[in-house]
Amino acid sequence: MGQRRPHQWLEPRLKILFIAFSLVFGRTVWAQIRYSISEEQKDGAVVGNIAKDLGIDHKTLKDRGFRIVSTSGESLFSVNHNDGVLYVNGKIDRESVCERINPCLINLKIALEDPLEIHYVTVDIIDVNDHAPRFPEQEKRLEISETVLPGARFQLQAARDPDSGSNSVQIYKLSHTDYFRIDIKDRDRDGKVPVLILQKPLDREITKRLELQLTALDGGRPPKSGTMDITIDVLDINDNAPVFTKDTYSVVLNENTPVGKTILRVNATDSDEGQNGEVVYALGHNVNDKLFDVNPITGEIIVTGLLDFEVKDVYEIDIQASDKGTVPLTTDKSITIKIADVNDNPPQIEVTSFSKSVPEDSKPGTTVALISVSDLDSAINGRVSCSIPEDVPFKLISSTQDNTYSLVTTSALDRETTSHYEVMLVAKDAGQPPLSSVKTITVQVSDVNDNSPEFSSSPYAFYVMEKNVPGKSVFSVSASDKDASESGIVNYQIWRDGGVENKYTSFININSENGEIYALKSFDFESVKTFQFHVLATDSGSPPLSSNVTVNVFILDQNDNVPVILYPVSANGSAEGVEEIPRNVNAGHLVTKVRAYDADIGYNGWLLFSLQEVSDHSLFGLDRYTGQIRTLRSFTETDEAQHKLVILVKDNGNVSLSATATVIVKVVEPKEAFAASDVTNAVKDDEENNVTFYLIITLGSVSVLFIISIIVLIAMQCSKSSDYSSKYLQETNYDGTLCHSIQYRSGDKRYMLVGPRMSVGSTLAPGSNRNTLVIPDRRRRESGEPELL
């Protein structure tokens, strides 16, 4: 391309291809003009003066509407309406406008009016070298086998340059190498294509990879260039056999080497690549023993069977190393394995004679078992000793024969303490390290009848409510025997010696198998309050052993006696009486006193009085504790002369019993009362004397019984432990009393003297020495007053 002056790129070149004719048809005139301009011109660069070139007066352009009316690149150019100059509208890039079209022509249509004129303008965009060649890929990787012969051609992708003509790609250059050269193939529209040609054979073992650079240059001045990196990997072929890293392999093993243990690792290498260089291992075809195996990947030789020095002491095995080529190459290597003898046989224990059970009364030195030990090893490894733990009543006695022992007892045995023994026999050889074996035999201790039955409690104390149902179980005793089988089966019986103190044993019976005791008759507290007997427990051993226990039975009182009216009592025995009082008595006058008696004790014998029926409630009052009947007010003339009072007397049992007494009160004039008082007083004196006599007898009997009960209980306490006394004298579930009681009042408190037990509902008064009880005053509870303790 020739030299141009700088102003030639800035000044448009005008070529009037055709201004040959002006055709006037009607009033239309047209002409065609062609300009040339280089790309990359600045915005506003002048292309040409259309008005001047067409000979049009520039003063009339604006009036005639000088303008571009149609164009393929209207936005690329503009016209000046004042002077008719065509200039560049923005920067023009030929490669963007025309891509690969050559030449690059832009057609414009210019219009004027009055008269109408159409002119055609063609602008030729001239290329400049503003682009460098560029390869589609910055890096190219080729794989070429080392078997490829020289002269082989490998076509590469051509570089691209958007410029045209001489500014496009012209030549290619390859970086220096002895193996390849570059050739160029010209393909017209596709440009120049580079071809890589092999000049000498490749050897992967010498050169695994080649790094080359291909450069493309265009024809600009100065030329521009682009590069592409070419990486050539030389592909391997299987042309090398595996080589072992050692010339010889040998190893020494103990005969107790465990299965699965790695004993040796062989290693072979192959200079080939990929599968051709991957080495696998296998046992040779001459290896018949199934005692060893080789890992095909790692070359580790492992033990797969049990090694025994006594069977074979040396093994010769072959190992093959092969690659994974299409036609694999193989190398063999022989390995020597020597077996060393060790103490690998533990002693064996055999019980030749054994008594599974030994009587507990066997004498020390009794033979229990005969034991023999052995060891398959020889010399010192076969020398065996046997022992047992020291915490068992046995020992081993060595026999005259080698490795034979007797197991004998060393002390007395007790089955009830230890019913069996686990004897651990330990046999140990003299090898290094020593081996041992353990065998456990179970020695059962058989039972003999050497234990008497034992009662769960001694003595027993039972409390039985009176009026019990005959034939029903009232309590039971229990005894156990530590012996086994029949020697531990216990039978029960009541000891009957016919003495006076055991006369009550005829009232009871016992179940010989379970110790349940039955009452054959109903007990009456008022007849008998306590008694004792003996129970004999005998086992079924031979000879049988027995033991006995004392059983104390306490009869508990229940409310089974109806109160008895002592006064008033009529001549026919009914509880009725007549009292006469003067009409002029004042309030509080004692009319009479109802007296009653209850054979029960405690609350069951505590009597309360109440008015069940009265003709006038405002006249008479009754003391609920004493039974005294008093007037509540003075009599008036309107009051009746006779009044009937029905008094209810009931005890304080859980289910109270009661009796009634009827008192007829006659109100008489004072004179009649004086006359009748002598006769009445005489009758009352006789009756009161009888009542007093009965009360003295009753109180005397109760006192004697109370003193006897106290003496008996004190004697029992002295002969027994404090635990036993508390067992049946302070039972929290006690309901009733064990002896008679005496009630009395002192001030605002009511007291009860009892024997060794408290009655239900009572509290112990301080300083009473545990035999005086304070009776809660029910009058106070009914009136809401607090109780005094």
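1. Ile601 is found in the loop that runs between β45 (595-597) and β46 (608-614); strands are DSSP runs (E, at least two residues) and helices likewise (H or I, at least four), numbered from the N terminus. This is a predicted model, in which local features need pLDDT of at least 70, side-chain atom pairs count only at pLDDT 80 or more, and totals for chains, interfaces and linings use all residues. Residues are numbered from 1 along each chain as its sequence is written, and side-chain values use heavy atoms, with hydrogens and water left out.

2. Ile601 counts as buried, at 6% relative accessibility (buried: under 20% relative accessible area, exposed: over 50%, partly exposed: in between; 1.4 Å probe, protein chains only). Its C-alpha lies 8.5 Å from that of Asn559, although 42 residues separate Ile601 and Asn559 in sequence.

3. Asn451 belongs to the loop between β32 (436-446) and β33 (454-455). Asn451 is also buried, its relative accessible area being 19%.

4. The Asn451 side chain makes polar contacts with the side chains of Glu416 (3.2 Å) and Asp450 (2.8 Å). A polar contact is a pair of N or O atoms within 3.5 Å; within protein, one must be able to donate a hydrogen and the other to accept it, and residues adjacent in sequence count only if both atoms are side-chain atoms.

5. Apart from neighbours within four places in sequence, Asn451 is in contact (heavy atoms within 4.5 Å) with Glu416, Asp481, Lys482, Asp483, Asp539 and Leu545.

6. The protein chain has six helices and 54 strands. Of its 789 residues, 40% are buried.
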